[in-house]
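Hi,

Here is the structure I promised to pass on. Have a look at it first, and then read my notes below.

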Amino acid sequence: MQRAPRLPDFSVVVWLRETDGFETHKSELLTAATRAPYESTKYQGMVDFHWSAANVSEARKLAEALKGVAQR
């Protein structure tokens, strides 16, 4: 029996609405993260991006780095 992939202990998730500015916001978000998300899905005009973190401190630092873009 094959095991399901293990989810990270900590994740930071950002949802972006697919508007005219989506590509710009996506680029800014990925630049701010400095690494690729481990998962991204599209649903009803929204795209989510998931990043893993090894611990809560790392997750908070990542969330803080993404905050400026995510608040738009």
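A residue is called buried under 20% relative accessible area, exposed over 50% and partly exposed in between, using a 1.4 Å probe and protein chains only. His50 has 14% relative accessibility, so His50 counts as buried.

Before the rest, some housekeeping: this is a predicted model, where local features need pLDDT of at least 70, side-chain atom pairs count only at pLDDT 80 or more, and totals for chains, interfaces and linings use all residues. Residues are numbered from 1 along each chain as its sequence is written, and side-chain values use heavy atoms, with hydrogens and water left out.

Back to His50, which sits in strand 3 (residues 46-53); strands are DSSP runs of E with at least two residues, helices runs of H or I with at least four, and both are numbered from the N terminus. Apart from neighbours within four places in sequence, His50 has contacts (heavy atoms within 4.5 Å) with Val12, Val13, Pro37, Tyr38 and Glu39.

Phe49 is buried because its relative accessibility is 3%, and Trp51 is buried at 1%.

Now the helices. Helix 1 (residues 22-33) packs against helix 2 (residues 56-70) at about 155 degrees, with the axes 9 Å apart; axes are lines fitted to C-alpha atoms over the stretch in contact, and angles run from 0 to 180 degrees between N-to-C directions. On the helix 1 side, the contact is made by His25, Glu28, Leu29, Ala32 and Ala33, and on the helix 2 side by Leu62, Ala65, Leu66 and Val69.

Cheers
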